[in-house]
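The following explanation leads the reader through selected features of a predicted model. Please keep the sequence and the structure in view while reading.

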Amino acid sequence: MITNVMIIDDEPLARINLRLLIEKYTDWKIVLELENGLDLENYVSQLQPDLIFMDVRMPKRNGILAAKGLLAVPNAPLIVFTSAFGDYALEAFELYALDYLLKPFSDERFKQTLARLDKLSGTASTLKLQREPDKQNTQKPYLKILIVRSVGLIQVVDLNDVVWFRGCGNYVEVILQNEKYLHRVPMSYLEDNMDPNVFARCHRSAIVRVSSIKEIRSQDDGQFNLVLKNGDTLKLSQTYKESLLARIES
């Protein structure tokens, strides 16, 4: 069943209206609100929403393009498009939209969307629509941002600002030039979902931005250290040495 929901709309009043309707008629949790569909694949892969209410005409990346991007995301959420323009409805349903709400819509029209959801039985996983992969969009989307949650706060960290990651038990310390964040995510998740041409594992407890490496120093005991441009020093284990060197030299 639906539990986690995202709202995407560039109009603040439209987001408020949807939020009030969701709070009035459901017990769903709104996990995030966005102003456009930019990097939606990253948000979805990390927050795992069951349903997205999404406007069509938005700056930077419109709803149709954002929905097409989700074709490459496993277990993509259901989508309900919301728009003041009806001429995108056919394209929206071709992208397996659950519904298309034409703004301004009433409480009764919103309740019709809820009724459609009620007809879909089963767990949240079976509610995911079985979309056909987009042949032009089958490449796995690499992470561009990290969503770091703390009490009462969600922070969006741009991976372009990250220098390296340090494993800390069940958490990862995300190290920027002048800031640090503690993020609850396995190191293996980062390694599998970041661009290998940008980030590389150098130790079981460290992943480094390749371009941030200033030099590699050999130690008296035959081991190696990485010296980063920001002054940090990391161990380079034998396990990851060859693969890291290959990326630096390529």
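Strand β11 and strand β12 (residues 206-209) run antiparallel and are joined by four bridges. Within this pairing, Phe199 has Arg209 of β12 as its bridge partner. Strands of a sheet pair through backbone hydrogen bonds, in either a parallel or an antiparallel manner.

The two strands belong to an open sheet of five, arranged in the order β10-β9-β8-β12-β11 with antiparallel pairing. Because β10 (180-183) and β11 (199-203) each have a single partner strand, they stand at the edges, and one side of each is left without a neighbour in the sheet. On average, neighbouring strands of this sheet are turned by 20° against each other, direction ignored.

The cysteines are considered next. A disulfide is a covalent bond between the sulfur atoms of two cysteines. With a cut-off of 2.5 Å between the sulfur atoms, the model contains zero disulfides. Cys168 takes part in none, as the nearest cysteine sulfur, that of Cys202, is 13 Å away. Seen from Cys202, the closest cysteine sulfur is that of Cys168, and the 13 Å separation is too far for a bond.

Elsewhere in the chain, helix α2 (residues 40-47) is mostly covered, with seven of its eight residues buried. The buried residues are Leu40, Glu41, Asn42, Tyr43, Val44, Gln46 and Leu47. Just after α2, Gln48 adopts a positive phi of about 50°.

Terms used: Residues are numbered from 1 along each chain as its sequence is written. This is a predicted model: local features need pLDDT of at least 70, side-chain atom pairs count only at pLDDT 80 or more; totals for chains, interfaces and linings use all residues. Side-chain values use heavy atoms; hydrogens and water are left out. Buried means under 20% relative accessible area, exposed over 50%, partly exposed in between (1.4 Å probe, protein chains only). Two strands pair if DSSP finds at least two bridges between them. Axes are lines fitted to C-alpha atoms, for helices over the stretch in contact, and angles run from 0 to 180 degrees between N-to-C directions.
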